[in-house]
Amino acid sequence: MGGTAALAAPALPARMSLPERVSHKSLNEKLNIAGIGIGGKGRSDLAGCAGENIVALADPDWDYAARTFAKYPKAAKYKDFRQMLDKETGLDAVIIATPDHNHAITALHCMERGLGVYVQKPMAHSVTEARAMLAAARKYGVATQMGNQGHSNDGARRACEIIWSGAIGDVREVHAWTNRPIWPQGIDALLPEQPVPATMDWDVWLGPAEERPYNIGYAPFKWRGWFDYGCGALGDMACHILDPSNWALQLHAPTSVEVVSQEKDNKYTFPTKSVIRFEFPARGSMPPVTLYWYDGGNLPPRQAGLGPDVKLGDPKDGRNGSLFVGDKGFLTTGTYGEHTRLVPDDKMADYKMPPEVLSRSPGHYQDWIRACKGGAPACSNFEYAAPFTEWVLLGVSALRAGHKLEWDSKAMKFSNDKTADDTLKWHRRKGWKA
C-alpha cells in the first residue's frame with residue numbers, strides 16, 4: 001500500500017457512549033419517527049424509513065405536504081414542529097428536510113429532547129450552526145446522520161480504497177462540478193409581497209430568518225438560491241459530489257477559499273454560475289491539495305491525457321462529478337460517489353481492486369436507524385458531517401465576499417477580512433432562539 005493508506009483508519013468515528021436519558025430499542029423493535037419538512041425531499045426520506053413507525057408529521061405548508069400526509073394517514077399533523085415536539089412525547093427519532101436555514105434550530109430542539117436526527121444536507125446554514133449542532137450531538141449522545149446518501153454507496157468507499165492504495169499516486173488537485181442551479185439565482189432585488197396561501201404558516205416557514213413578506217419565488221421550492229434560506233448549488237450538491245474528496249483525502253479545514261469567477265453576483269442571491277478554489281494543507285503523509293468547484297454549467301479544463309472522448313463524472317451525461325488528479329493517474333466519480341473508475345477507460349481493463357478496508361453500509365437510512373437503536377454510529381454522523389459541511393460553507397462566504405479569504409479554523413474567523421466573519425454567524429430573529 002502507498003503512504004496514504006495510513007490515513008484510512010480514522011475514516012469512521014469511534015462509537016460514542018450514550019447518556020442514560022436516551023432510550024434504545026432492539027433491532028427487532030420499530031422506532032417512532034417524525035418528519036419535519038415533508039413536502040419535498042422529506043417525502044423520500046420518510047419512504048426510506050417506512051419500515052419503522054411514522055407517527056407524526058410537521059410542515060408549515062400543508063398544500064405542499066399534502067401527498068405525504070395522504071401516504072401516512074394515521075400520523076398526527078402539525079404546522080409548527082415545536083408544537084409537535086411538545087405534544088408527541090413518544091418519539092425516538094426525527095427526519096429533518098426543511099430549507100437549510102431551519103436545519104439547525106430544528107435539530108437542536110430535537111436533540112435536546114434525546115431524539116435521533118437525520119438532517120438533510122447541508123446539515124447547517126452557517127459555520128456557527130454546524131459547530132453548535134456537533135456540540136449538541138456530543139452533549140446529548142443522540143444518533144445523527146446527514147442526508148448525503150452517497151456516503152453509503154460502495155463507490156465512495158472504493159474511491160477511498162483506490163486512492164489510499166496509491167493507485168494514482170499523491171493527489172494534489174481535485175476538480176468537482178455540477179449543472180446546478182436548476183432554480184432562479186442572480187436576482188438583485190427582493191420580491192414583491194403576495195398573499196400568503198391559506199394552507200401555509202409563513203412565520204413558521206421563515207423560522208429564525210429575518211421577517212419578510214411572502215412570495216412564491218421564495219417558497220415552497222425556489223428558496224435555495226436566496227442567501228437567507230439556502231446555500232445555492234454548493235448547498236444542494238457539494239455534500240454529495242465532494243464527499244469522496246472529503247473522505248478519501250481526509251480534508252478538514254482549508255487554509256483559504258477564493259472565488260475564481262462568478263456571474264450575476266448580488267447582495268440577495270447566489271450567482272448564476274461560479275468557480276471556487278479551496279486550498280488545503282498537508283494532512284499526515286498526504287501533500288497539500290487544491291480543490292476546484294464549478295457550478296452553473298462551468299466545467300473544468302481537460303487534463304493532459306484525457307481527451308474529449310474520455311467520459312468524466314456521470315458516464316451518461318457528465319453534468320455532475322469529480323476528478324482526482326494524481327501523480328500517477330486519474331480517478332473520477334459520479335454525482336453520489338458512484339461510477340468510481342480510473343480514466344482513461346483502458347486503465348480499468350486489468351485493474352485489480354484493492355482490499356476492502358472500509359465496512360460496507362446497509363443503506364443510508366438503515367445505517368441511521370441501526371444507530372438510533374443503539375448500534376454503531378451512522379457513517380455520516382455529525383462527527384464526520386459537521387467539519388465537512390463547515391468547509392463547504394466557506395465557499396458561500398467567499399461568494400459573498402468576492403475575494404480570497406484566509407481561514408483560521410481554530411479561531412473560527414477569516415484572518416484577512418473581519419467583515420466576512422458575519423457570514424459565519426447564526427442570525428436569529430426574536431422568538432426563534434435555540
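**Strands, sheets and helices**

Mentor: In S4, the residue bridged to Gly35 is Ile95. Keep in mind that this is a predicted model, where local features need pLDDT of at least 70, side-chain atom pairs count only at pLDDT 80 or more, and totals for chains, interfaces and linings use all residues. Residues are numbered from 1 along each chain as its sequence is written, and side-chain values use heavy atoms, leaving out hydrogens and water.

Trainee: In which sense do strand S1 and strand S4 pair?

Mentor: Strands are DSSP runs of E, at least two residues long, and helices are runs of H or I, at least four, numbered from the N terminus. Two strands pair if DSSP finds at least two bridges between them. S1 (residues 32–36) and S4 (residues 93–96) have 4 bridges, and their sense is parallel.

Trainee: Which are the edge strands of the open sheet of 6 strands?

Mentor: The order is S3-S2-S1-S4-S5-S6, with parallel pairing. Each edge strand pairs on one side only, and they are S3 (76–78) and S6 (144–146).

Trainee: What is the bridge partner of Ser322 in S12?

Mentor: S11 (residues 321–326) and S12 (residues 330–333) pair in the antiparallel sense over 4 bridges. In S12, Ser322 is bridged to Thr333.

Trainee: How many residues of helix H4 are buried?

Mentor: Buried means under 20% relative accessible area, with a 1.4 Å probe and protein chains only. H4 spans residues 103–111 and is mostly covered. Among its buried residues are His103, Leu108 and Cys110, and the count is 9 of 9.

Conventions. Buried < 20%, exposed > 50% of the residue type's maximum accessible area, 1.4 Å probe, protein only.
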